[in-house]
Amino acid sequence: MYKCRLVYDEWKCMKSKEQKGKFIETDNFVGYIGDLRIHEVSEKQIWKYRDKDIVVCDNQYRWLSIMPKDDFYCITVMMNQLNEIQVCYIDMIESQGIDEDGIPYFIDLYLDLVVYPTGEVIVDDRDELEDAFNQKEISGEQYERAIKTAQKLQHDMLNDYCMFEKRILELRTLLDIKEYLF
């Protein structure tokens, strides 16, 4: 398992970025919502999807992070310069916390869901989860939690992409950052 800070330090292509976020408590959501504004990259990052190139990280892109407080996943919504969703990447996580410098983080449990604007959901890195379990890096309980969390997300929240996208749009308005008009 590894620690992922919600400023996405592991993305070395990001040369200049700015992150704002806050913990939010409403009737419908309790957790962290962050807005990462990517000002400049050394090289844009492109993922392949059904013979198409999807740019997920480029100059003036924005990533929205959504991490519910008492759950085991973190959503990263990757948006282009026009704030159009390019892809949503959902990490299954072991735990979450806040670093000494105030940056939220999560401990990654390998298994991910990639959600495209077509509504298609791809299970990603299942092999990494299996390897971690087989090498006893994670317990049976952690393995089962990752699988069950991914299945629950697929059957509930991701079952209707239009409703999922609507929920994302509702959550990002909770940030209320005036200088970042969504």
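A polar contact, for today, is a pair of N or O atoms within 3.5 Å; within protein, one has to be able to donate a hydrogen and the other to accept it, and residues adjacent in sequence count only if both atoms are side-chain atoms. Quick caveats: this is a predicted model, where local features need pLDDT of at least 70 and side-chain atom pairs count only at pLDDT 80 or more, while totals for chains, interfaces and linings use all residues. Residues are numbered from 1 along each chain as its sequence is written, and side-chain values use heavy atoms, with hydrogens and water left out.

Okay, helix H3, residues 161-173. Helices here are DSSP runs of H or I, at least four residues, and strands are runs of E, at least two, numbered from the N terminus. At the start of H3, a side-chain oxygen of aspartate 160 comes to within 3.1 Å of the backbone nitrogen of cysteine 162.

Now, which residues of H3 are buried? They're Tyr161, Phe164, Ile168, Leu171 and Arg172, buried being under 20% relative accessible area and exposed over 50%, with a 1.4 Å probe and protein chains only. Down the axis of H3, they fall within an arc of 95° (taken from the directions from the axis to the C-beta atoms), so they line one face of the helix. The face turned away from that buried side carries exposed Cys162 and Thr173.

Strand S6 is part of what covers the buried residues of H3. Isoleucine 66 sits in S6, residues 61-68, and is buried, at 1% relative accessible area. Leaving out residues up to four places away in sequence, isoleucine 66 touches (heavy atoms within 4.5 Å) several residues, including Ile168 and Leu171.

How values were computed: The expected span of a helix is 1.5 Å times one less than its number of residues.
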